[in-house]
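Here is a short report on one model. Please keep the sequence and structure in view while reading.

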Amino acid sequence: MHILLIGLGNMGKKYLSKLEEMGKFPVLCDRDPNKAIGSYPFYCHFEEVKEPVKAVIIAVDPAEHVRLAKFFLENGASVLLEKPPALSKREFMEIYHYPTLYISEIESFSSCLDYFPKDVEEVRIERLGKGRGYLSPLWDLAWHDLYLLQLFFKGLQITSLTVGDVWHLEGKADDVPFSIKTAWEHPNPSRRWFINGGNFILDFAKEEVWKEGKLIHKGNRDKLRLMVESFLSGNFDHRSKDRALKNLELLENLKAIDIS
């Protein structure tokens, strides 16, 4: 049985690198024939894959996610689907019920989460990227922070969204106010959580934790490799699809104020 990697763009190449580090020999699929690599089995059409497949990693345009995932889920394979898994809740419900579906949650493997404080009064988040995604900074970047918030709080609601060069989202996690500033192609990339006025800072890019201005933790985790290993070993959190469903519900209900 084989591992199939669909999509050899920026994220797909990162997955391939991790699979190679792990000594795996995946089957590759991409609509662009020029992306064939070395001696790996390669297909331009996923329906033509001949090798028996046990696990599939899908990293393509989100518009194709459900169609591709459904094909392999119906055939009994486990599927790790990049985020966002669908363009709407209605579309996602076509595959939500499959027990072997998992949604990418790379930040959930961060060592910073081990230091999340118990008494939280407010959370300010920066998710400022240096590149561009498929849909919007909210769906492609702030998506991470919304599923992370669900790890610590039961109730999540978004109260406002302002769209400009930097998108600014505000909401409440249980009774704790939070905000997320997110943008593509930002001159100062950042993936930081400022908790309780900056008393605690979780830096997901540098894997650092700061408390009262002092560095108390410096990690060195390979989050992507840990996620891939978790998926292939069958230890991935089944609730990832529940958090994805909640994210879709939250984002679909937003009415943005455009100030651009």
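Phe152 is partly exposed, at a relative accessible area of 30% (buried is under 20%, exposed over 50%, partly exposed in between, with a 1.4 Å probe and protein chains only). The residue lies in helix α4, residues 137-152. Helices (H or I, at least four residues) and strands (E, at least two) are DSSP runs numbered from the N terminus. Leaving aside residues up to four places away in sequence, Phe152 touches Leu113 and Phe116; contact means heavy atoms within 4.5 Å.

This is a predicted model: local features need pLDDT of at least 70, side-chain atom pairs count only at pLDDT 80 or more, and totals for chains, interfaces and linings use all residues. Numbering starts from 1 along each chain as its sequence is written, and side-chain values use heavy atoms, without hydrogens and water.

Six strands form an open, parallel sheet, ordered β3-β2-β1-β4-β5-β6. Each of β3 (42-43) and β6 (101-103) stands at an edge with a single partner strand, so one side of each has no neighbour in the sheet. Pairing requires at least two bridges found by DSSP. Strands β1 (residues 2-6) and β4 (residues 53-58) share five bridges. Leu4 has Val56 in β4 as its bridge partner.
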